[in-house]
Amino acid sequence: MDRRESLKNILIGTIAGATVAGAATSCESPAEVQEQKVEGKEEYYGRTPKEIEHDKKVMAEVFLVEHELETIAVLCDIILPATATAGSATDAGVPEFIEFIVKDLPNNQLPIRGGLMWLDGESNLRFNKLFKAATPEEQIQIVDDIAYPDPDNKKPEMAYGIKFFNLMRNLTMTGYYTTRMGIDDLGYKGNVPNVWNGVPAEVLAEHEVDYEPEWIAKCVDITKAGTKAEWDEKGNLIT
């Protein structure tokens, strides 16, 4: 199993736990949430008006400079390169996601900027060039020294780099696997609609009961069994 498969499997377990936890901790009533979402659906489906306003404000801000974004792009694609069946982290827009995160969650600004400076400093020490200008082989040499935990502190000089890479790996994974491309790569199909055909006839006969025809017509439409549900672009069920 390669590194990308290992990361993907870890993420699948994390998503399953987060989904259960999220469902259990929601405190807004479904009606309140639905009302807010409908008002904002024109621009960002599923976002409330307050969230849309916040997103626009954050996206208008500038924090990372061009060199930092380019270095992030190189590092993201080392963590999640393209494969024969899936695009890379930059293909999925992960650098843009990280740029948004450092503005939306300012506590990430110092670790990210400091980590990028550490990366360039380490590359300058080893190869006399910035990290993004180093060859792929040189970049991997540095990454190999910071991509794994060091619980026994055998490489204290790499401690800051290890902490930075761990943060970048988490952000890259989060950014990638919350996009359409990442979800497709996971093979996640979501809930599949089904049709309940009722209690089997032999079971009903065994208990000498039967459905009343009027309730069969209301609750069970066997002619649509196996029909896959489809929605239009506005979210209306059309099948």
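A helix, as counted here, is a DSSP run of at least four residues, numbered from the N terminus. With that in hand, let's walk through this predicted model.

Of the 239 residues, 31% are buried. The accessible surface comes to about 15900 Å², and carbon and sulfur atoms hold 57% of that. Among contacts with a separation of 6 or more, 57% join residues 24 or more positions apart.

Now for the inside. The largest nonpolar core has 36 residues, and the members touching the most others are Ile 72, Leu 75, Ile 98, Ile 112, Leu 119 and Met 168. Helix 4 (66–79), helix 5 (94–104), helix 6 (109–127), helix 7 (136–146) and helix 8 (159–176) each give two or more residues to this core. Helix 8 provides the largest share, eight residues.

What does Ile 112 touch, leaving aside residues up to four places away in sequence? Its partners are Leu 64, Ile 72, Val 102, Phe 164, Leu 167, Met 168 and Leu 171.

Asn 128 and Asn 153 each have a positive phi, although neither is a glycine.

| Residue | Phi | Loop | Relative accessible area |
|---|---|---|---|
| Asn 128 | about 60° | between helix 6 and helix 7 | 68% |
| Asn 153 | about 55° | between helix 7 and helix 8 | 46% |

Exposed means over 50% relative accessible area. Asn 128 is therefore exposed at 68%, whereas Asn 153, at 46%, is partly exposed.

Key. Residues are numbered from 1 along each chain as its sequence is written. This is a predicted model: local features need pLDDT of at least 70, side-chain atom pairs count only at pLDDT 80 or more; totals for chains, interfaces and linings use all residues. Side-chain values use heavy atoms; hydrogens and water are left out. Buried means under 20% relative accessible area, exposed over 50%, partly exposed in between (1.4 Å probe, protein chains only). Contact means heavy atoms within 4.5 Å. Accessible areas come from the Shrake-Rupley method with a 1.4 Å probe; for residues, only the protein chains shown count as cover. A nonpolar core is a set of buried Ala, Val, Leu, Ile, Met, Phe, Trp, Tyr and Cys residues joined through side-chain atoms within 4.5 Å.
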